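Please examine the sequence and the three-dimensional structure shown here before reading on.

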Amino acid sequence: MADTEVNIYADSRTYYSTGNNNSYDLSNVSRFRSFATSSMSKKPGHKEVARRRRASHDEVTKPRKFLIDVEETKRQILEQEDTDGDNQITIHDMGPKTLPVGTLDSGGHRKYEIRGTYMISNLLQELALAEEHGRKHIILDEARLNENPVKRLSRMIKTNFWDGLTRRIDAEGLEIICADPKNRTADHSPRIYIPYNEDEQYHYYTNLAETRPHLNLQVEKLPKEITPEYVKSINDRPGILALAMQKHVDIQGNITLKGVPFIVPGGRFNEMYGWDSYFETLGLVLDNRVEMAKGMVDNFVYQITHYGKILNANRSYYLTRSQPPFLTDMAIKVYEHLTEEPEEKKKWLEITIRAAIKEYYTIWMSPPRYDPITGLSRFYPTGLGIPPETEASHFDHVILPYAKKLGLSIKEYVAKYQSLEISEPGLDEYFLHDRAVRESGHDTTYRFEKRCAHLATIDLNSLLYKYEVDISEIIRLIFNNQFEYNGIIETSSTWSERALLRKKRIDKYLWNEEKSLYYDYDTSKKEQSVYESVTAYWALWAGCASHEQAENLVKISLPKFEVLGGLVSGTEESRGTIALDRPNRQWDYPFGWAPHQIMAWRGLENYGYMTEARRLAYRWLFTITKSFVDFNGVVPEKYDVVTLNHLLKVEYGNVGTDFKFVPREGFGWMNASYQVGLSYLTHHMERALGTCTSPEVFFKNREVKLPPMEYKGSIDLEESKNHEESKNHEESKNQEESKF
């Protein structure tokens, strides 16, 4: 059978399973194996010849390929280079950072040295992937080891990471999705909760439990009315919440159910999260995974239909909590890329927007989240007791004073408080705000400390303004200004009036003219908070800022948040002094997060500040790329964007850093931010990023001037597709190339 050439940058499954990387003369393998064993083994008295550096006169006539014994080479790398024993090759390892490998042309006899942290860590990653595909010997292209890191990371996100983060709730995916690293109860039995009226799903899962007893699956139906009391009563029996399923014909021709797939953030976050899913969807659409993105929206519609809201995440202990609402923009992004017939697309959008309207009315415009005095909304979830998903000792410092007062241990006090034997209004208030912080997605930050449920925040109200604008435009453009909801005809003008009213309220309560910044408003104290948050730029994303407000946000306030590695969550002054009894919080200075970057880029773009958007995107992508190069391909949850560090000593640590040999997931919204961020860079910026040119060097003495862009404010639905396409158009990149 003739060899077949395989794209050297193909996904690992293709690269290590097909073509000439999977079939070659076995005599070479035997010869290589004996040679490799003799040359790699250190013998007594053996004197190593000093390795010479490759000189400029070394002849390279064609792309280099290596013939590699997977197990032996992996062993040698770990023994020689992994000096800290973490199964990764990073700049912290103190090995020689040089490794001889045999070339294919010589049958493994002639050696070529792989040098440097990046290439050796890439070699370790490739060996782990080859091993995963059952390979003992491989032909490896050098180009996979010295690949431009920007291309390599983007490729890994597209072909590896999204797959690693994909979950389904059905017979095939149940074992993986039921695992909950956050579960600290004594009961770790796999358990799934089914909505009260989903009889078909209930039958499917009970049948699954009977036919696959090894799963030890427990199937429970939820009541029709899900109260805070009920949710608290099942906290000692946590489980996954069912999501959307679709009819499927199996290989025997039987009609069965199959779970609609979705993306999880990664690490200990092994469920579908609210606002994470929006940003993940942006990345999925860019990577042409439209069906997966559509499934994410469908699962949100299912949640609103059966659980009353888009959930914090689909675990039983999240049933009373939502998260920042992004469904309308998410639906628009997917709708623009659907390839179905127009009527089918329209029907899908109708179902989705109907769910969004329900969520808008019943969650965000209803008590307790809606504040009737300001007319603005708050993160204000219902719920009782202590949030169960935290570490066992997370609230010890809060509970200790109350326990001491009664002469009880913390454990004893918690038991009595949870069982209502002890009533403590002070703790009730504390946990109300703590749950609100978690609903906001910003858990935790001093911005929300002991007051979150009382705050009408700029982020939430910007999102709801965007809901109102989006729904208005969709009704006008897609549904001919007639949209039926619960027997009432919703019109475009009704929703646009709501948006205008909310904008007036945002200007009245949240905008600070003196500071040129949006702040949260404390509905209890009836005053603005003093915390400076980067979520002020969500108003630009939503389009609810005036041109003058946008100009002030960019020219006066942006320097407060822009640092070497991107945007910080809040200013150092707002965070305050850090001490042993007042530790860092992960959503404060000096930490930066993917959603804040993406929202700011898009917001700046909306108002014509493309220079600033590109600059910030470059800073953020440099932070990600540098860690990827120096730390074995790591893509973590967050960064210290002041020091460009991902090895953080902060609450909850940093998800995405603990892996062996090769990263398989990255982190959901971090993956998305990389793909989205690349769409903002010019070719020149992307080339500089590929060489890890720091922002300090790249922007030094560069006065970047781009043609002024037309002020857009809120982009209507009809324009948004063309706007998105033009942003990525190669011609526009080339035109602006020389200006950087």
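This is a predicted model: local features need pLDDT of at least 70, side-chain atom pairs count only at pLDDT 80 or more; totals for chains, interfaces and linings use all residues.

Residues are numbered from 1 along each chain as its sequence is written, and side-chain values use heavy atoms, with hydrogens and water left out.

The largest nonpolar core contains 203 residues. A nonpolar core is a set of buried Ala, Val, Leu, Ile, Met, Phe, Trp, Tyr and Cys residues joined through side-chain atoms within 4.5 Å; buried means under 20% relative accessible area, with a 1.4 Å probe and protein chains only. Leu123, Ile192, Tyr205 and Tyr518 touch the most other members of this core. Helix α22 (residues 610-630) supplies its largest share, eleven residues. Helices (H or I, at least four residues) and strands (E, at least two) are DSSP runs, numbered from the N terminus. The core lies between domain 1 (1-26 + 62-147) and domain 2 (561-702), because both give residues to it; the domain bounds come from an automatic or database domain assignment.

Leaving aside neighbours within four places in sequence, Leu123 is in contact (heavy atoms within 4.5 Å) with residues including Ile68, Leu99 and Leu145. Another core, of eleven residues, lies apart from the largest one, and Ile422 and Phe431 are among its members.

Ile192 also belongs to strand β6 (residues 191-194), which is covered on both faces. Arg191 and Tyr193 on one side, and Ile192 and Ile194 on the other, are all buried. In a regular strand, side chains alternate between the two faces of the sheet. β6 pairs in the parallel sense with strand β7 (residues 218-221) over four bridges; two strands pair if DSSP finds at least two bridges between them. Within this pair, Arg191 has Gln218 of β7 as its bridge partner.

An open sheet of three strands shows antiparallel pairing in the order β14-β19-β20. Its edge strands, β14 (455-456) and β20 (527-528), each pair on one side only. Strand β19 (residues 521-522) is joined to β20 over two bridges, and Tyr521 has Gln528 as its bridge partner in β20.

Helix α16 (residues 458-477) has 20 residues, of which 18 are buried. From first to last C-alpha α16 reaches 28 Å, close to the 28 Å expected at 1.5 Å a residue, a span taken as 1.5 Å times one less than the number of residues.

Finally, an unreviewed UniProt entry places the feature "domain: Neutral trehalase Ca2+ binding" at residues 76-103. UniProt positions are given in the numbering used here, feature names are shortened, and annotations may be inferred rather than shown by experiment. Over residues 76-103 the chain is 21% helix and 18% strand, with end C-alpha atoms 17 Å apart.

Conventions: Buried means under 20% relative accessible area, exposed over 50%, partly exposed in between (1.4 Å probe, protein chains only).
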